[in-house]
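Biologist: I am new to this structure. Please pick one part of it and take me through that part closely.

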Amino acid sequence: MDKTILRQYEILKKELADTRKRADSAERQLQHLEKLQDLGSVKDVVKGGEGGWQTFHIEGMPHDLDLPLKTARQTLENRVALLKLQTEECAVLLQETELFIKSIKDAELRMIIKHRFIDGATWENVAARMGYQYTEDAVRKRFERFMEEN
């Protein structure tokens with residue numbers, strides 16, 4: 001495990017949330033497409049003409065079905081599958097990072113890293129969480145030495 005993953009932990013959490021959001025959106029689009037496919041054409045009534053009093057009945061395929069239905073469906077299914085794969089990859093990287101942190105023998109350093117990278121605290125907040133005897137510079141330097149040593 002490369003320790004530089006610690007610096008990416010917070011962004012990985014954001015990426016995981018974003019990817020899940022995109023996958024949910026693609027699944028909703030796929031469900032919408034399937035509903036439209038079941039309905040076939042769409043009908044509506046509009047008013048217009050001279051004076052706006054005439055009624056027109058219109059029928060047709062929704063504009064988002066310009067692509068052939070099979071192609072659109074396959075595209076969305078592929079997108080959902082890809083996004084689920086990306087979600088799994090992010091989750092695995094997050095888990096590997098957490099396992100790496102747990103493998104650190106030094107409890108003080110482990111707590112510094114948890115506060116900084118898992119909780120996303122600033123170095124100042126890490127020092128405050130660790131106790132009055134710690135300063136912002138002390139906890140930051142302790143982490144930097146760990147990174148250089150290994």
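Modeller: First, a term. A helix here is a DSSP run of H or I with at least four residues, and helices are numbered from the N terminus. The model is predicted. Its mean pLDDT is 84 over the chain, and 89% of the residues reach 70 or more.

Side chains of opposite charge can pair when their charged atoms come close. The whole structure holds eight salt bridges.

Confidence first. Helix α4 has the highest confidence in the chain, with a mean of 94. Strand β1, residues 42–48, has the lowest, with a mean of 79.

Two packed helices are described by the angle between their axes and the distance between the axes. Take α3 (residues 107–118) and α4 (residues 123–130). Their axes come within 9 Å and cross at roughly 135 degrees. That angle makes α3 oblique to α4. The crossing is right-handed. On the α3 side, the contact uses Glu108, Met111, Ile112, His115 and Arg116. They meet Trp123, Val126, Arg129 and Met130 of α4. Five of the residues in this contact are nonpolar, one is polar and three are charged.

Next, follow α4 to α5, which spans residues 136–149. The axes of α4 and α5 lie 8 Å apart, at an angle of about 100 degrees. The pair is therefore roughly perpendicular. From α4 come Trp123, Glu124, Val126, Ala127 and Met130. From α5 come Glu136, Val139, Arg140 and Phe143. This contact has six nonpolar residues, no polar ones and three charged ones. Trp123, Val126 and Met130 of α4 touch α5, and these residues also meet α3.

Glu108, Leu109, Ile112, Ile113 and Phe117 of α3 meet Val139, Arg142, Phe143 and Phe146 of α5. Seven residues of this contact are nonpolar, none is polar and two are charged.

How values were computed: Residues are numbered from 1 along each chain as its sequence is written. This is a predicted model: local features need pLDDT of at least 70, side-chain atom pairs count only at pLDDT 80 or more; totals for chains, interfaces and linings use all residues. Side-chain values use heavy atoms; hydrogens and water are left out. Axes are lines fitted to C-alpha atoms, for helices over the stretch in contact, and angles run from 0 to 180 degrees between N-to-C directions. Helices (H or I, at least four residues) and strands (E, at least two) are DSSP runs, numbered from the N terminus. Angles under 35 degrees count as roughly parallel, over 145 as roughly antiparallel, 65 to 115 as roughly perpendicular and the rest as oblique. A crossing is left-handed if the near helix is turned anticlockwise from the far one by less than a right angle, and right-handed if clockwise. Contact means heavy atoms within 4.5 Å. Ala, Val, Leu, Ile, Met, Phe, Trp, Tyr, Cys and Pro count as nonpolar, Asp, Glu, Lys and Arg as charged, and the others, Gly among them, as polar. pLDDT is the predictor's confidence in each residue, from 0 to 100. A salt bridge is a side-chain nitrogen of Lys or Arg within 4 Å of a carboxyl oxygen of Asp or Glu.
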